[in-house]
Amino acid sequence: MDFPILDTNVYNHRLVYLDNAATTQKPRQVIDALTGYYLTLNSNIHRGAHYLAAQATERYEEVRTKVQRFVNARSSKEIVFTRGTTESINLVASSFGRAFLGPGDEVIVSGMEHHSNIVPWQLACELAGARLRVIPFSDEGVLDMEAYGSLFSPHTRMVACAHVSNTLGTVNPVREIVAIAHDHNVPVLIDGAQAVAHMPVDVQQLGCDFYCFSGHKMYAPMGVGVMYGREELLSQLPPYQGGGEMIKDVTFERTTYNELPFRFEAGTPSVGDVLGLGAAIDFMLAQGIENIGRHEDELLRYATERLLSIPGLRIFGTAPHKAGVVSFLLGEAHPYDVGTLLDKLGIAVRTGHHCTQPIMDRYGIPGTVRASFACYTTREDVDALVAALVRIAPMLM
Ligand code: 7TS
């Protein structure tokens with residue numbers, strides 16, 4: 001594994017990068033794919049009749065097939081490239097909302113969603129005169145599945161839920177969530193932003209109708225993401241953005257639209273970033289996704305145990321099934337103060353509400369300090385975090 005940025009020194013300390021839920025660092029292979037594209041291949045795709053355009057198009061479409069296999073979609077038509085999870089969810093909420101949401105309808109979301117799986121649905125509901133229903137969760141950070149079942153009504157049109165919570169680390173029972181929704185003939189969107197880098201994802205096995213994720217949280221460049229949509233449903237959705245590439249024929253009177261998936265890819269995509277995503281998938285497959293998951297699970301156990309040995313430290317999110325995210329508070333210290341002092345010791349964590357304000361309201365706290373892991377995180381990184389917390393605790397408590 002070669003992640004050049006991890007050699008950075010921060011205030012004369014070795015960088016300990018524990019903000020992987022925000023974005024992962026990039027391995028050399030991904031950086032090379034990106035620079036290689038601009039050095040040798042840069043060209044607009046699907047359009048030009050020339051050599052570079054044909055090459056770039058072929059490579060771009062190869063990555064689509066790679067992503068299809070990566071999440072085990074039935075067809076590459078079901079893979080739409082976007083800018084990231086946020087755009088993927090906005091695409092579905094906007095298009096689905098226009099086609100299927102009406103006055104009095106309901107969309108179910110969980111209480112632990114990232115704002116990007118709340119606000120797009122609120123916008124769609126506002127336009128349609130529909131409303132959100134929210135699945136509550138326990139103090140441990142486990143969704144209340146009984147309450148979930150009771151939220152369905154004849155007006156329920158969609159369920160949108162995170163696979164893994166970016167704040168609590170909870171791995172939600174997605175298969176069960178989907179099965180219950182499908183019993184009510186309601187489709188399900190899964191926000192996989194915090195899942196794809198940490199566990200194998202099989203959209204057919206999960207049964208979900210939409211699955212959204214970002215490249216930059218799985219070792220790929222920023223600027224590329226994926227929206228998987230089950231073909232049967234995707235083919236019923238109206239276009240999201242209008243522009244080049246998404247059309248078949250345009251006149252001033254009427255436009256007909258291109259076939260899937262191009263209908264949802266208006267304009268010039270971020271071709272180099274897509275090729276970087278392909279390199280990131282190759283990197284993950286070479287490491288073995290199960291191996292990465294096992295490594296992070298082991299670190300999570302170790303970090304949880306060591307952090308809890310610090311007097312006054314409280315962890316938020318103690319579900320039995322978690323991914324490599326630990327949110328905590330040190331006594332009554334403000335998370336921002338903890339984060340600032342950790343930074344001075346070279347330790348990068350995230351502080352605040354992590355774009356999940358309803359979770360903070362649920363616990364009645366302003367925010368948390370969050371450490372999150374990736375394949376390159378080590379026990380030494382965790383030890384450095386714990387040692388730093390022990391050192392700064394007397395200044396804050
Ligand atoms: N959904 C979840 C569960 C996320 O964790 C994030 C980003 C998003 C959606 C949005 O992804 P984007 O790539 O479109 O921005 N989460 C975080 C985080 O936890 N810290 O910074 C970004």
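How far is a nitrogen atom of the ligand from an N or O atom in the side chain of His114? The distance is 3.4 Å, which falls under the definition of a polar contact as a pair of N or O atoms within 3.5 Å. The model is predicted, with local features needing pLDDT of at least 70 and side-chain atom pairs pLDDT 80 or more, while totals for chains, interfaces and linings use all residues. Residues are numbered from 1 along each chain as its sequence is written, and side-chain values use heavy atoms, without hydrogens or water.

An N or O atom in the side chain of Arg370 lies 2.6 Å from an oxygen atom of the ligand. Thr85 uses a backbone N or O atom, 3.5 Å from a ligand oxygen. The protein buries 87% of the 490 Å² that the ligand exposes when taken alone (Shrake-Rupley areas, 1.4 Å probe).

The ligand is surrounded by 15 residues, counted where a heavy atom lies within 4 Å; Thr86, Asp191, Ser214, Arg350 and Arg370 are the closest. Three of the shell residues are nonpolar, eight polar and four charged, with Gly counted as polar. Domain 1 (4-23 + 288-392) and domain 2 (29-285) each supply at least three residues to this shell; the bounds come from an automatic or database assignment.

The strands come next. An open, mixed sheet of seven strands has the order E4-E10-E9-E8-E7-E5-E6, where strands are DSSP runs of at least two residues and pairing requires at least two bridges. E4 (79-82) and E6 (131-135) are the edge strands, each with a single partner, so one side of each has no neighbour in the sheet. Within the sheet, E8 (residues 188-191) and E9 (residues 210-214) run parallel and are joined by three bridges. Ile190 stands opposite Tyr211 in E9.

Methods
Polar contact = N/O pair within 3.5 Å; in protein donor to acceptor, adjacent residues only side chain to side chain. Helix = DSSP H or I, 4+ residues; strand = E, 2+ residues; numbered from the N terminus.
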